[in-house]
Amino acid sequence: TVASAFVARRFRLPQKGTLTVGSDADLVLVDLSHRAILRSKDLLYRHRHSPFVGRELYGRIVRTLLRGRTIWLDGAIISKPIGQLVKPVTSNE
C-alpha cells in the first residue's frame, strides 16, 4: 500500500490508496512465483509487438478488483467496462 498511498496523496484522490472503510476496493492479486515466455498472442492490445515477446517474465496477475468487483480473473476479462475517469480533488493552495 506504500506505492498506492503515495500516488493517491500526490494526485489528491482521497478514495484511493488505502484499504479502509469508504475507500474504493481496487486490488490486484499477483502470483510472484509464476514464470512464462511472453508470446505475441498473449498481448491484449491492438498492435501485437513488444520488445518483451520471447522473453521469460516473472509473475502474473491472477485477479483484479475494481471497487470490489472482479474484472479480471485467471487471464480473462470477465466484466463489462465499469471504469470511470477519476479526477484529483482541486484545492486553493
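The following legends describe close-up views of a predicted model.

Residues are numbered from 1 along each chain as its sequence is written, and side-chain values use heavy atoms, with hydrogens and water left out. As the model is predicted, local features need pLDDT of at least 70 and side-chain atom pairs count only at pLDDT 80 or more, whereas totals for chains, interfaces and linings use all residues.

**View 1. A nonpolar patch on the surface, formed by V28, V30, L32 and I61.** Together these residues have about 380 Å² of accessible area, as given by the Shrake-Rupley method with a 1.4 Å probe, where for residues only the protein chains shown count as cover. Patches are made of residues with over 30% relative accessible area and no salt bridge; nonpolar side chains (Val, Leu, Ile, Met, Phe, Trp, Tyr) are joined within 5 Å, and like charges within 9 Å. Strand β1 (residues 27-37) gives the largest share of the patch, three residues. Helices (H or I, at least four residues) and strands (E, at least two) are DSSP runs, numbered from the N terminus. V30 has its place in strand β1 and is partly exposed, with a relative accessible area of 44%. The classes of exposure are buried (under 20% relative accessible area), exposed (over 50%) and partly exposed (in between), with a 1.4 Å probe and protein chains only.

**View 2. The largest pocket, with about 550 Å³ of space.** Its lining consists of 14 residues, and those nearest the centre are L38, D42, R60, I61 and W72. Strands β1 and β2 (56-66) are the elements that give two or more residues to this lining. By class, the lining holds seven nonpolar, three polar and four charged residues. Ala, Val, Leu, Ile, Met, Phe, Trp, Tyr, Cys and Pro count here as nonpolar, Asp, Glu, Lys and Arg as charged, and the others, Gly among them, as polar. On a 1 Å grid over the protein atoms alone, a pocket is an open set of points where a 1.4 Å probe fits, with protein on both sides within 12 Å along at least five of seven lines; lining residues have an atom within 4 Å of a point. Grid points are joined across faces, edges and corners, and a volume is the space filled by probe spheres set on the points.

**View 3. The second largest pocket, with a volume of about 270 Å³.** Among the 12 lining residues, S4, K16, G17, T18 and D26 are the closest to the centre of this pocket. Helix α1 (residues 2-10) contributes the largest share of the lining, three residues. The lining divides into five nonpolar, four polar and three charged residues.

**View 4. A network of salt bridges that links K16, D24 and D26.** A salt bridge is a side-chain nitrogen of Lys or Arg within 4 Å of a carboxyl oxygen of Asp or Glu, and by this rule the count comes to four. The side chain of K16 meets that of D24 at 2.8 Å, N to O. K16 also forms a salt bridge with D26, where the closest N and O atoms are 2.5 Å apart. Both K16 and D26 lie in the loop between α1 and β1, so this pair ties together parts that are 10 residues apart in sequence. K16 is buried, with a relative accessible area of 18%, whereas D26 is partly exposed at 31%.

**View 5. The salt bridge between E56 and R35.** The closest N and O atoms of the pair are 3.2 Å apart. E56 lies in strand β2 and R35 in strand β1, so the contact ties together parts that are 21 residues apart in sequence. E56 counts as partly exposed at 38% relative accessibility, and R35 is partly exposed with a relative accessible area of 48%.

**View 6. R12 and R67, two sites of positive phi.** R12 has a phi of about 55 degrees although it is not a glycine. This residue lies in the loop between α1 and β1 and, at 39% relative accessibility, counts as partly exposed. R67, likewise not a glycine, has a positive phi of about 50 degrees. Its position is in the loop between β2 and β3 (69-73), and R67 is partly exposed, with a relative accessible area of 35%.

**View 7. T64 in strand β2.** At 16% relative accessibility, T64 counts as buried. T64 and R39 are 25 residues apart in sequence and 22 Å apart in space, C-alpha to C-alpha.
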